[in-house]
Amino acid sequence: MSLLELEHNELEQLAADVRSRYEELKARNLDLDLTRGKPSSEQLDFSNELLALPGPDNYRDKTGADVRNYGNLDGIADIRELWAEVLGVDAANLVAADASSLNIMFDLISWSYSLGNNDSERPWCREETVKWICPVPGYDRHFSITETFGFEMVSVPVLEDGPDIAAIESLAQDPQVKGMWAVPIFGNPTGVNYSREVVERLAAMETAAPDFRVVWDNAYAVHTLTDEFPDNPDVLALAAEKGNPNRFWYLSSTSKITHAGSGVSFFASSKENLDWYSSIAGIRGIGPNKVNQLAHAAYFRDAEGVRALMRKHAGSLAPKFAAVIEVLENRLGGYNVASWTTPEGGYFISLDVLDGTATRVWELAKEAGITLTKAGAAFPHGKDPRDRHIRLAPSMPPLEEVTEAMDGVATCVLLAGVEKLGA
């Protein structure tokens, strides 16, 4: 029966049972963590062959260039062509860099702020204000970047087919709105995929700012939990067809595919955008780690090699996601105190609890030895106006710890719920 429909005596009985269960939970002195979406050791082990690559006698790329030396700001063709096939874009529109695509995102925002980008009338720092569209729930590290530069972050809700595109189209009529964050496939933290209609409208929409950019962070393009891979539209070609060739800054990386701390990142965009990027990146540095790029190309071999590896990841991750959903359904399904996503890929599950209780759930879990991402983290400035959202990240702990942690989280959700109702 719904918690909201219980008679007073029934609610009091449930509250007593839940409090007793919570005291037992605390007495177990747990130390469990469901915070950041890190790959598990098992997942990292899948790519240990990389540690011996490219090998002492293999140091030339397909053009014959020595990857041990300086140069080639765009990255080696071996990995660029392979990854272009993975993403379904033209290799001529893609550069390969060092491990972190987040670094590239920071650079793109920073350089636009301090110098202006190739479509800017002036550096963004000279604008009276800079506004930025933030789909919520969203990726906290995205929001940290725009917060660092003092942007006014405007939230739009993520719906079942992606962010509220009508709201975005309306906001983009303000010349101070310079761009938006986007995680288009298996979104962080909702697991939502942008529909074709949403993608086409983003590519085609009119914007008052000529230098408006969509940061297309396609971090989970191949991170399926099944044997099927999602449709991955070529937004660069689509935007060019719609007359907005410079609309997308497209990011990707191998960070949660091979070794998270030593992967290869990628930036794809129009030639004009890439020329602007390279004109500054070439001052900042001389070139990326091409030895690592050659190692990745040798390890993957081709795009199907990437997909084969991701099926191994799915085999590791899917049982953990299933365990989270099973516990939530068994413990909370009948009480109408929470709802959650059931993603088919990515690294996260979104949990919505009763309005006004997410922070309390986080506090109760912490006191019981279960570390969750702080309530509100998926919103700009860490402030969820309804205080109801919690991001769950089950990838790193062993399966049995995921189940144990989620059982404890369910107890905390119920306890916060009965407290909210005055029991």
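1. Strands β7 and β8 pair in the parallel sense, with four bridges between them. Within this pairing, V214 stands opposite F248 of β8. Keep in mind that this is a predicted model.

2. On its other pairing considered here, β7 (residues 213-217) is joined to β6 (residues 177-182) by four bridges, and these two strands also run parallel. A182 has W216 of β7 standing opposite.

3. These strands belong to an open sheet of eight strands, in the order β2-β9-β8-β7-β6-β3-β4-β5. The pairing in the sheet is mixed. Its edges are β2 (94-96) and β5 (162-163), each of which pairs on one side only.

4. How many residues of β8 are buried? Six of the six residues in this strand (248-253) are buried, so β8 is largely enclosed by the rest of the structure. F248, Y250 and S252 point one way from the strand, while W249, L251 and S253 point the other way. In a regular strand the side chains alternate between the two faces of the sheet. Both sets in β8 are buried.

5. Is T146 buried or exposed? Its relative accessible area is 0%, and because buried means under 20%, T146 counts as buried. Leaving aside residues up to four places away in sequence, T146 touches W132, F151, M153 and W181.

6. For the overall fold, the secondary structure comes to 13 helices and 13 strands. Of the contacts with a separation of 6 or more, 77% are between residues 24 or more positions apart.

7. Burial and surface can be taken together. Of the 423 residues, 56% count as buried. The protein exposes about 17600 Å², of which carbon and sulfur atoms supply 47%.

8. On charge, there are 38 positive and 62 negative side chains. The centres of the two sets lie 5 Å apart.

Notes:
Residues are numbered from 1 along each chain as its sequence is written. This is a predicted model: local features need pLDDT of at least 70, side-chain atom pairs count only at pLDDT 80 or more; totals for chains, interfaces and linings use all residues. Side-chain values use heavy atoms; hydrogens and water are left out. Buried means under 20% relative accessible area, exposed over 50%, partly exposed in between (1.4 Å probe, protein chains only). Contact means heavy atoms within 4.5 Å. Accessible areas come from the Shrake-Rupley method with a 1.4 Å probe; for residues, only the protein chains shown count as cover. Lys and Arg count as positive and Asp and Glu as negative; His and the chain ends are not counted. The place of a charge is taken as NZ of Lys, CZ of Arg, CG of Asp or CD of Glu. Two strands pair if DSSP finds at least two bridges between them.
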